[in-house]
Every structure is written in C-alpha cells, then in structure tokens.
Amino acid sequence: YIYCDEIDLAADTVLATLYAAKKYIVPHLARACVNFLETSLSAKNACVLLSQSCLFEEPDLTQRCWEVIDAQAELALKSEGFCDIDFQTLESILRRETLNAKEIVVFEAALNWAEVECQRQDLALSIENKRKVLGKALYLIRIPTMALDDFANGAAQSGVLTLNETNDIFLWYTAAKKPELQFVSKARKGLVPQRCHRFQSCAYRSNQWRYRGRCDSIQFAVDKRVFIAGFGLYGSSCGSAEYSAKIELKRQGVVLGQNLSKYFSDGSSNTFPVWFEYPVQIEPDTFYTASVILDGNELSYFGQEGMTEVQCGKVTVQFQCSSDSTNGTGVQGGQIPELIFYA
C-alpha cells in the first residue's frame, strides 16, 4: 500500500494489516481496515472484533460490535470466536446490562470459554480449574435470574458452584427469607424491541381475509442496520382463535431466518407478536422479503391505508409489494402489519 496506494484486504489478514497501519501511522489504510471490519461484522466474529477494537482504540468499531452482541447475544455467545476473547473482554460482556440472552446461555458460554482458557494456560481440564480461570467473573453471571428448571438441570449440576452456593440459590428461589448472594440477582434489562407499524387503520369484512396455506408477503428496506426479531400479525375478527404461523425472512431468495409457531388471538384488532429463534441482521439500503403462511380458518382483521415509508425512531423503513404474496397482502393493505426489531 505504501508503495502502490492499492488496498487489497481479506478476512484473514485485515487485523494484522490494521496493526501495521496503526504502528506505522498510515491513517487512510487503518480507516479502510476498520470499514472492512464493520461491513463483515456478524454475530460469529463480533466478540473477537470487540476484543481487537479495544486493543486498537477504535471506538466506532467497538460500538458497532456492542450493537451486534446485544441484539444477537445468544448467537454471539455460542460462536467459536467467543472462546478466543481475553479475560477483560469476557468480564465486560458478562457485565453487560443490555445483553439480549437467557442467563443459562451466558453461563454455558462462560464454561466453554473456561475450557479453552484452561488449554491456553496448559491446565488440566477439571471443574476446579475452570472455576479458577473464571475467577471473580463467575459472579457476573446472574445465576439467580435463571428459570428454576434451567438452574436445577444446568448450573446446579455443572459442578462449578460450591454446595453452599447451590443451596443458597435454591433458597433464593423458594424461601421467604432470602440469603445474601455474591451473584448479581437482578435480571438484565436486555433490549426493548421497536415496532414499525405500516398501516393507518385496520378492518374486517364478512367475506375476506382467510388463511388456507397461502403466503402473505411484503418487501422492505431500512436506512440503518437493524435486527429483525419477529413480526406483529393480525388475528381473528370472529372471537378468539389459534393460528399456526410459518414466518420467513429472505434476501434475494436466500432464507435468512424462519420459524414455525402458534399464537392465540383474542378477537381484538391488536397485533400479536411472532418471533424468530434469533434476531436477523438486516443491512441498510437493500430490500428484504418478509413472509408468513398462516393456518386458521377464522376470518381475520387486515390492514388498510398502508404507507410506503414509515419513520420509526431513527430508522426509516420503506415498503414495496412482493411477488411472493399469493394471499392479497401488499403495500396498501393486508397482513404483516408490524416489523419488530432492535436498533
């Protein structure tokens, strides 16, 4: 680069190049490395890049890493890269108030990290050594906030906790007079999902909006990176009913996320949330296809006076019709009234 002014970055060399660019004070190349890292950022590498961004003192990249880790916490914690982070980064992740994950997943990730850390330190793979390498970081895991069955079947039987700790936590769940614990006992706040509502009104008619295996679909694009957590859907207009919903998110025909679940509609015109297993990362200025196939014979509410552009907080969402839609949903009316997302 210094001789030819050409930049040719690759995933396996970009961090080493950034190190060299910082060392020899080549700011333009360093900026190009950071841009490359930001565009290739995902739940798989966010924890490793967080560790590196702190080392290289790149606050913008650090902030972007945190956005991904918060929104896609369970994917990030289960990634191979999580086990490669340093102890200081591990502590900062375990402290994170906005981590959007079940505490049992946080606990299991910390144990996986401890196993790899034992290997790095040439220690025998024993429960005692796992606890030793975790040190005080163990108490940053909010074990008392786990669901009782997660604790009883997971953490309590892991062997990492002492008998006294296990006993005290069981008492914490059940006793009126709760013991003092070293563990943080207040649940994480997580992230509050935002809802983008694309209709100005909704209605029902006696002869339409049924679901018999046909697809309701809409395309959308955003101007900032967001994480789609699920859709808000309409339900029955003829009293309470249960629906089976297959939701799907695609980009240029490639499925990025899907889930099959049921939801109960109480007969009101409210929307009812249906969630993906993990939030899906959505890049700006690209159209994605949101689809749902509903099974439920009851007549349903449907949206009217649809908007082609909706401002939702700091995010602008554009909508356009999808060729996948075979049940009548479009920009002006139909199903999928809400996108539920983290930003």
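A salt bridge is taken here as a side-chain nitrogen of Lys or Arg within 4 Å of a carboxyl oxygen of Asp or Glu. The views that follow are drawn from a predicted model, which holds 13 salt bridges by this criterion.

**View 1. The salt bridge between Lys-22 and Glu-58.** The side chains of Lys-22 and Glu-58 meet with an N to O distance of 2.7 Å. The pair links distant parts of the chain, since Lys-22 belongs to helix H1 (residues 14–23) while Glu-58 sits in the loop between helix H3 (46–55) and helix H4 (59–71), 36 residues apart. Glu-58 is buried, with a relative accessible area of 10%, whereas Lys-22, at 34% relative accessibility, counts as partly exposed. Arg-31 also takes part here, as Lys-22, Arg-31 and Glu-58 are linked in a network of salt bridges.

**View 2. The salt bridge between Arg-188 and Glu-103.** In this pair the closest N and O atoms are 2.8 Å apart. Arg-188 lies in the loop between helix H10 (163–174) and strand S1 (194–197), and Glu-103 in helix H7 (residues 103–120), so the bridge ties together parts that are 85 residues apart in sequence. Both partners fall under the 20% limit for burial, with a relative accessible area of 12% for Arg-188 and of 7% for Glu-103.

**View 3. The salt bridge between Asp-223 and Lys-224.** The two side chains meet at 3.8 Å, N to O. Asp-223 counts as partly exposed at 34% relative accessibility, and Lys-224 is likewise partly exposed, at 39%.

**View 4. The largest nonpolar core.** This core has 62 residues, and those with the most contacts inside it are Phe-82, Ile-93 and Ile-143. Helix H7 gives the most to the core, with 10 residues. Because domain 1 (41–191) and domain 2 (196–342) both give residues to this core, it lies between them. In soluble globular proteins, nonpolar side chains tend to be buried together.

View 5. When residues up to four places away in sequence are not counted, Ile-93 touches Cys-47, Leu-50, Trp-66, Leu-77, Phe-82, Ile-85, Leu-99 and Arg-188. Arg-188 in this list is the residue that forms the salt bridge with Glu-103, and Phe-82 is, with Ile-93, among the residues with the most contacts inside the largest core. A second, separate core has 36 residues, including Trp-209, Tyr-288, Ala-290 and Val-315.

Key: Residues numbered from 1 in each chain as written. Predicted model: local features only at pLDDT ≥ 70, side-chain atom pairs only at ≥ 80, totals over all residues. Heavy atoms only, no water. Helix = DSSP H or I, 4+ residues; strand = E, 2+ residues; numbered from the N terminus. Buried < 20%, exposed > 50% of the residue type's maximum accessible area, 1.4 Å probe, protein only. Core = buried A, V, L, I, M, F, W, Y, C linked by side-chain atoms within 4.5 Å. Domains from an automatic or database assignment. Contact = heavy atoms within 4.5 Å.
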